[in-house]
Amino acid sequence: MDNQRNILVTGGCGFIGSNFIHLVAGIRPNWRLVNLDLLTYAGNLKNLEGIDEGRGYRFVKGDICDQALVNSLFKRERIDTVVHFAAESHVDRSIVDPDAFIRTNIFGTFTLLEAARSYWQGGTNTIAKPIFLHVSTDEVFGSLGESGYFTETTPYDPRSPYSASKASSDHLASAYFHTYGLPVIITNCSNNYGPYQFPEKLIPLIFNNGRNGKELPVYGDGKNIRDWLYVTDHCQAVVEVIDRGSSGRTYNIGGNNEKTNIEVVTLICEMLDAKIGPLPDGRSRNSLITFVTDRLGHDRRYAIDSSRLKEEIGWQPSVSFEQGIEMTIDWYLANQEWLATVIDGSYQDYYKKMYA
Ligand code: NAD
Ligand code: TYD
């Protein structure tokens, strides 16, 4: 399946979007990608080094909430596929300052849906088999007890401003399918990890603090559970959903890798100790673990049942958690300059010069 496509990728300078662009550049040479990204704090052009502007790729700095810009991109680039990653994505930030989450995640998604409706259903073009793939999260389903899994029919029960904004955007996307027949597909994925993740999220934050001998903050009792998925497995699933997914369908994507936070943090400490040696005083990095005040409304457990994706599309994760964490630690160790420029903020100077 390698049909020609003109794909609008939103948020392609973020963590998952940039991994998606690298993957597609390698495995789908006939897919032309137009990356629309506002370059917020989470967007980093350095994530796309090696991806050159040209026939197969174009970067546009802009806001998904800008209706005129988005409409013009659909027309000018003859967009037949949207892969919508752009979002405010960090739960802790949504607790402190939800405003941007409501704007980008809800209004931005609405703006893109409107542009797709107007361009694909305006009757003046010849777009064959369009797809609007809305990338979402398992957090829309709320929090699980000790047993059970999220399936595609689990009722929505978002509990943070982030997950509520994503749930709202999922409902909008679904409504555009039911009301207007827009060819919408929604994917709800579990926690990702891997290269290019911004170090405010658990795994790169623990790597960075552990590497520098700083405190490792674990919220509450550390027994909250997340279902971790290596980012390339997520991106591969998105590619396969574009290839073989059905319009109006939702697909859960999960790693089958449930871990408590304390297990994750301990594993990173052990791997770092083994790879770069213990702390200067000889202690393991585990000694840096500090239990801190819990996150407000902290969801206890997420776990995904992705059997629909396996049965209907044939996808399943290929990277085990232990392999994935090791690849991630190796990537961050080999890319300490990337991390340093993100931590000190200088990664933003690079694009400010280009897009002043
Ligand atoms: P990220 O925060 O790393 O990247 C978001 C990107 O969107 C950045 O490049 C940012 O500049 C861009 N952006 C933000 N606001 C914008 C706007 N108004 N207009 C244009 N661009 C804008 O996020 P991520 O972790 O890569 O997540 C990508 C998507 O996947 C999100 O929709 C998120 O909800 C979803 N998701 C993430 C995870 C995860 O574990 N990270 C899991 C499941 C689903
Ligand atoms: P995070 O990476 O923020 O992802 P999400 O909130 O979307 O699941 O957090 C993953 C888990 O790690 C979550 O249970 C909160 C916890 N956590 C900590 O214990 N300490 C931290 O410093 C961070 C950022 C997260």
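# Note on ligand shells and aromatic contacts

1. Helix H6 (202–211) and strand E8 (216–219) each contribute at least two residues to the shell around ligand 2. Helices (H or I, at least four residues) and strands (E, at least two) are DSSP runs, numbered from the N terminus. The largest share of this shell, 3 residues, is supplied by E8.

2. Basis of the note. This is a predicted model, in which local features need pLDDT of at least 70 and side-chain atom pairs count only at pLDDT 80 or more, while totals for chains, interfaces and linings use all residues. Residues are numbered from 1 along each chain as its sequence is written, chains are lettered from A and ligands numbered from 1 in the order in which they are written, and side-chain values use heavy atoms, with hydrogens and water left out.

3. Shell of ligand 2. Ligand 2 is surrounded by 16 residues, of which Glu139, Asn191, Arg226, Arg295 and His298 are the closest. A residue is near a molecule or strand if one of its heavy atoms lies within 4 Å of it. By class, the shell comprises 6 nonpolar, 5 polar and 5 charged residues. Here Ala, Val, Leu, Ile, Met, Phe, Trp, Tyr, Cys and Pro count as nonpolar, Asp, Glu, Lys and Arg as charged, and the others, Gly among them, as polar.

4. Accessible areas come from the Shrake-Rupley method with a 1.4 Å probe; for residues, only the protein chains shown count as cover.

5. Shell of ligand 1. Around ligand 1 there are 28 residues, and the closest are Ile16, Asp37, Ser89, Tyr162 and Lys166. Helix H1 (15–27), strand E5 (131–137) and helix H5 (161–180) each supply at least two residues, with the largest share, 3 residues, coming from E5. The shell holds 13 nonpolar, 12 polar and 3 charged residues.

6. Polar contacts of ligand 1. The side chain of Ser89 places an N or O atom 2.7 Å from an oxygen atom of ligand 1. Backbone atoms also take part: a polar one of Asn192 is 2.9 Å from an oxygen atom of the ligand, and a polar one of Leu38 is 3.1 Å from a nitrogen atom. Ligand 1 taken alone exposes 840 Å², and the protein buries 97% of that.

7. The whole structure contains 20 aromatic pairs. One of them joins Phe107 and Phe110, whose ring centres are 5.7 Å apart with planes at 45 degrees, so the pair is tilted. Rings of Phe, Tyr and Trp (its six-membered ring) pair if their centres lie within 6.5 Å; planes under 30 degrees apart count as stacked, over 60 as edge-to-face and the rest as tilted. Phe107 and Phe110 both belong to helix H4 (residues 99–120) and are 3 residues apart, about one turn of the helix. Phe107 is partly exposed at 42% relative accessibility, as is Phe110 at 28%. Buried means under 20% relative accessible area, exposed over 50%, partly exposed in between (1.4 Å probe, protein chains only).

8. Trp331 is buried, with 15% relative accessibility, and Trp338 is buried at 10%. One aromatic cluster is formed by Tyr196, Phe207, Trp331, Tyr332 and Trp338.

9. Positive phi values. Tyr196 has a positive phi of about 70 degrees although it is not a glycine. Tyr196 lies in the loop between strand E7 (192–193) and H6 and is buried, with a relative accessible area of 15%. Arg78, also not a glycine, has a positive phi of about 50 degrees. Arg78 is found in the loop between helix H2 (67–77) and strand E4 (81–84) and is partly exposed, at 41%.

10. Charges over rings. Arg117 lies over the face of Tyr180, 3.9 Å from the ring centre. The charged end of Arg28 sits over the ring of Trp31, 5.3 Å from its centre. The criterion is that NZ of Lys or CZ of Arg is within 6 Å of the ring centre and within 35 degrees of the ring normal.

Technical notes:
A polar contact is a pair of N or O atoms within 3.5 Å; within protein, one must be able to donate a hydrogen and the other to accept it, and residues adjacent in sequence count only if both atoms are side-chain atoms.
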